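Hi,

Here is the structure I promised to pass on.

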Amino acid sequence: MKTTITGTGSYIPTVTVQNNAFTNHRFLNSDGSGFKHPNGTIIEKFEAITGIVERRYAEKHLNASDLAFLAGEKAIADAGLDKETLDYIIVAHNFGDVAHDVSQSDTLPSLASRVKHLMRIQNPKCVAYDLLFGCPGWIQGLIQARSFINSGIAKKCLVIGAETLSRVIDPHDRDSMIYSDGAGAAVLEANTGQSGEILAQEMATFAKEEAYFLFSDVSYSKNADPTKYIKMYGRKIYEFAVTHVPHAMKDCLDKSGYGIEAVKKIFIHQANEKMDIAILKRFYECYGATPPDNVMPMNIHELGNSSVATVPTLFDMVRKGKLADQSVSKGDVVIFASVGAGMNVNAIVYKV
């Protein structure tokens, strides 16, 4: 059974936070000591490595489930779908709803149930559930939806990635500058006669030495309360990603039956520009080739790292001509790939 993406949507928060907003932050090492370099130097190096110039934070009155709803509504409208005919709503996230100025995560009911409620879907056979798979969660949702469709369990699925990472970051951790908020969504349908098909998928979990490369822990400030925030071992994640993501992409492409020369676009999780460039280079090296110009769209410069939302947001922007000098056309072979907490890696080859 062919699985087609028939609609996409995204919600980009309106609050823009530029790098100079961190100039007066008191950044600390993990042991609570201060840095020898001034914040200006720290920010300059941060921008050179990550490529992030600014990021978006959710409006105070909106939670992750609200962003998911707004992106999902756009995807449904784009697909021209009657929402009552949806078989599944899958929402990928990591921290649930975290209200502004509230440290506690709220996942009861599930974000997917909240989205269904906000959409006013009455059909009880539209099953709504959440997916926790780190930053690769949205791609994993596509893989699950494809499995439901291939098995005949479902015909129409809505897959959303939504996160408000700005509400779970330690202000004393310089890595806090990476994170942002947003939501992206896609409608997947069984063969409708339209173009588009998921051709292959690849996924893996590395949890022997790698499970806690991303984790939750208290603030670097010794005077802070015991609230836990997102933390990471950046160097270890970088080395892990540039080692394992290219191989996952290659395995996936090899399964698809297409060669490297057929790939028109590669949508990689927007975590770190330098890391993504290294992943791309190593992927092409697997085939003894070099990356063609413009093959890897990026929006990290303006949107930062919104975790599960980066890939669907990026794909929606390119698909709808909202990213300069980037587009996809009918028949194009593209790759989605991501890496994140778990440590999880996955990839999809999709023919537009």
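Let's start with Leu 28, which counts as buried because its relative accessibility is 5% (buried means under 20% relative accessible area, exposed over 50%, partly exposed in between, with a 1.4 Å probe and protein chains only). Bear in mind that this is a predicted model: local features need pLDDT of at least 70, side-chain atom pairs count only at pLDDT 80 or more, and totals for chains, interfaces and linings use all residues. Residues are numbered from 1 along each chain as its sequence is written, and side-chain values use heavy atoms, with hydrogens and water left out.

Leu 28 sits in the loop between β2 (15-18) and α1 (39-50); helices (H or I, at least four residues) and strands (E, at least two) are DSSP runs, numbered from the N terminus. Leaving aside residues up to four places away in sequence, its contacts (heavy atoms within 4.5 Å) include His 172, Tyr 220 and Ser 221. Leu 28 and Tyr 220 are 192 residues apart in sequence, yet their C-alphas are 6.2 Å apart.

Next, the helix α3 (residues 111-119): its buried residues include Leu 111, Val 115 and Met 119. The buried residues of α3 pack against α2 (64-79), β4 (88-92), β5 (127-131) and β6 (156-164). Arg 120 follows α3 and has a positive phi, near 60°.

Finally, the largest nonpolar core has 54 residues, and Met 249 and Ile 266 have the most contacts inside it. (Such a core is a set of buried Ala, Val, Leu, Ile, Met, Phe, Trp, Tyr and Cys residues joined through side-chain atoms within 4.5 Å.) The largest share of this core, 10 residues, comes from α5.

Cheers
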